[in-house]
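Subject: Structure handover

Hi,

Here is the structure I promised to pass on. Please open it and keep it in view while you read my notes.

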Amino acid sequence: MTSVRRRLVPYFLLGPGIIWLILFFAVPMYFMARLSLYSGTVFQGNLQFDWHWANFKDSLDLYHSQFVRSFIYAGAATLIALVISYPLAYAIAFKGGRWKNAMLLAVVAPFFTTYLIRTIAWETILSDQSPVVKVLTDVGLATNGHVLATAGAVIAGITYNFLPFMVLPLYASLERIDPALIEAGRDLYGSPAAVFRKVTLPLSAPGLVAGTLLTFIPAAGDYVNAFFLGAPNNQMIGNVIQDLYLKQTDYPAAAALSFILMALIMVVFVVYIRFAGSEALMGEEARP
Amino acid sequence: MTGAWRWLREHAINIYAGLAIAYLLIPIAVIIVFSFNDPAGKYNFNWVGFTLEHWRNAFGISDLNDALKTSIELAVLATVISTAIGTAMALALVRHEFVGRRPANFLIVVPMATPEVVMGASLLSMFLIYGIGLGFQTLLIAHVMFCISFVVVTVRSRLIGFDRSLEEAAQDLGADPWTTFRKVTFPLILPGIVAAALLAFALSIDDFVVSNFNSGTTVTFPLYIFGAAQRGIPVEVNVIATLLFLTTVCAMLFTVWQQRRAERMTQARPQQEGEPAIPIPAGSAASG
């Protein structure tokens with residue numbers, strides 16, 4: 001009797017959360033898929049489910065450029081975030097000393113301000129009168145003295161907003177490297193570059209993969225940065241989805257586009273799981 | 001000269017880290033500085049002059065107050081529910097062997113790897129198909145949903161580094177499982193639970209994308225900002241953002257302090273050299 005009860009304990013503990021996630025995460029995915037096969041419009045009042053596969057083709061025909069743009073912007077932002085984050089994470093992990101906690105606090109600090117206000121702050125920083133734009137114009141990086149309402153501004157905003165997602169996993173995996181391994185590399189006459197390439201970089205690979213994924217996924221679905229920092233021709237797929245759902249109430253097309261976005265993200269995600277294992281993403285590995 | 005050059009070479013990475021951290025903090029500085037601005041028109045983008053007017057009037061805009069009140073109520077409820085549910089799940093995953101661990105893990109990880117726009121859109125699809133009215137209750141459902149995974153990951157990382165001999169000692173001394181949990185386990189993992197609750201609160205109060213889909217006519221703080229963006233955001237928004245920022249930083253420092261104290265008192269988990277005291281949110285868990 002007690003052993004049966006003991007075996008049921010984990011299910012009681014997991015139950016409420018799993019039910020919540022099934023009801024309000026998994027089941028809605030099914031309804032989104034279903035809605036993407038509806039035909040008709042809200043205005044005509046003839047919205048109904050009839051396996052209307054054409055929604056997928058029609059919406060892709062109309063909005064494939066926003067899809068491509070989302071992935072290009074997200075890819076560029078991920079790459080820039082990686083270039084900025086790696087040396088920063090390295091410095092915190094190996095050179096931080098007593099400043100380590102303060103530096104980590106600074107990295108997560110942007111999370112303590114509202115996402116929208118952070119993005120609007122960039123609107124201020126990149127506005128035409130700002131000193132930053134003057135400098136960028138002087139060195140020839142901003143054409144016509146404009147930065148706002150360009151692809152560059154959107155990518156810069158995305159890079160900034162998701163940077164902590166890159167820094168933290170990189171830091172966590174770099175911090176775990178035994179400095180003795182790096183010393184050993186130097187003792188064996190490895191040049192600093194060789195030691196980095198053969199020791200540090202491979203050992204930080206889990207953080208690298210996790211960081212790029214955690215930056216890329218929210219970036220690809222983002223529409224706040226494009227909304228505030230971009231022009232109409234910088235619209236990403238997120239802008240289209242929210243516009244179709246909330247303004248034009250073209251639910252079937254909107255659902256089809258979100259479904260495609262989710263499917264593409266899941267492909268990226270599953271490839272990652274194959275590569276790194278789900279345990280790594282959950283932090284389930286026992287720490288040494 | 002060569003001395004200066006060598007110094008520069010040795011400290012290059014620290015200087016770089018300093019610059020990267022400055023980059024992370026600049027928008028926050030902009031938000032704070034512009035809360036003292038006295039803009040000429042309705043747009044708070046250019047620095048005009050210093051005033052304390054908006055700090056005195058911080059809670060003088062009734063729409064903004066209502067939105068803030070809604071956001072705080074929502075965040076408190078979402079935090080309480082998701083922390084309770086998520087902690088139970090973390091306990092089940094770390095402490096118990098059971099069939100179905102892999103699918104449970106999967107269901108917890110996938111929401112963290114789903115773009116917010118897809119989560120918002122899929123929930124809205126379900127609410128639309130069932131004809132469920134949007135409002136505070138749908139927002140609460142959504143917020144609890146996206147907070148759960150982050151709570152599980154945060155509490156779980158605390159449970160993994162946990163010395164179980166303390167619990168065994170309690171049981172050897174005749175404590176029943178519930179007493180052991182109440183008197184030993186719970187106080188020890190409390191800092192982890194507090195960190196998770198803080199994270200859930202921050203995620204909820206900051207959420208724009210999912211809320212934008214499922215709010216109906218209910219207005220939260222980020223939704224107020226979005227609505228105000230077109231007609232000019234009042235400076236009071238910057239004041240409140242600054243207050244929120246300071247509150248969160250204080251709460252964070254308090255948690256770190258408490259965690260240190262708990263560790264000192266129990267010596268359950270002697271802090272390792274260089275182990276970060278900052279409870280790293282979100283992606284941290286994703287390190288391998």
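First, a term you will need. A nonpolar core is a set of buried Ala, Val, Leu, Ile, Met, Phe, Trp, Tyr and Cys residues joined through C-beta atoms within 7 Å. A residue counts as buried if 20 or more other C-beta atoms lie within 10 Å of its own. Keep in mind that this is a predicted model.

**The core**

The largest nonpolar core has 171 residues. Ala89(A), Ala121(B) and Ala200(B) have the most contacts inside it. Helix H6 of chain A, residues 151-175, gives the most to this core: 16 residues.

What does Ala121(B) touch, leaving out residues up to four places away in sequence? In chain A, its partners are Met32(A), Ile241(A), Tyr245(A), Ala254(A), Ala255(A) and Ser258(A). In chain B, Ala121(B) touches Phe213(B).

**The two chains**

Chain A has 13 helices and two strands. Its C-alpha trace spans about 75 × 75 × 30 Å along the principal axes. Of its 288 residues, 49% are buried. Take the contacts in chain A between residues at least 6 apart in sequence: 69% of them join residues at least 24 apart.

Chain B has 11 helices and zero strands. Read along the sequence, its pattern is α-α-α-α-α-α-α-α-α-α-α. The C-alpha trace of chain B spans about 75 × 70 × 35 Å along its principal axes. Buried residues make up 47% of the 288 residues in chain B. Among contacts in chain B between residues at least 6 apart in sequence, 78% join residues at least 24 apart.

**Where the chains meet**

The contact takes 92 residues from chain A and 80 residues from chain B. Which element gives the largest share of chain A's side? Helix H1 of chain A, residues 2-35, does, with 19 residues. By class, chain A's side has 69 nonpolar, 16 polar and seven charged residues.

Now look at one crossing between the chains. Two packed helices are described by the angle between their axes and the distance between the axes.

**One residue: Leu88(A)**

Leu88(A) lies in helix H2 of chain A, residues 54-95. Is Leu88(A) buried or exposed? Count the other C-beta atoms within 10 Å: there are 26, so Leu88(A) is buried. Leave aside its neighbours within four places in sequence, and Leu88(A) is in contact with Val167(A), Ala17(B) and Ala20(B). Gly15(A) is 73 residues from Leu88(A) in sequence. In space, Leu88(A) and Gly15(A) are 41 Å apart, C-alpha to C-alpha.

**One helix: H9 of chain A**

Helix H9 of chain A covers residues 205-221, which is 17 residues. From first C-alpha to last, H9(A) reaches 25 Å, close to the 24 Å expected at 1.5 Å a residue. Why is H9(A) described as largely enclosed by the rest of the structure? Because 16 of its 17 residues are buried.

Best wishes

How values were computed. Residues numbered from 1 in each chain as written. Chains lettered and ligands numbered in written order. Predicted model: local features only at pLDDT ≥ 70, side-chain atom pairs only at ≥ 80, totals over all residues. Contact = placed C-beta atoms within 7 Å. Helix = DSSP H or I, 4+ residues; strand = E, 2+ residues; numbered from the N terminus. Nonpolar A, V, L, I, M, F, W, Y, C, P; charged D, E, K, R; others polar. Buried ≥ 20, exposed ≤ 12 C-beta atoms within 10 Å, placed from the backbone. Expected span 1.5 Å × (residues − 1).
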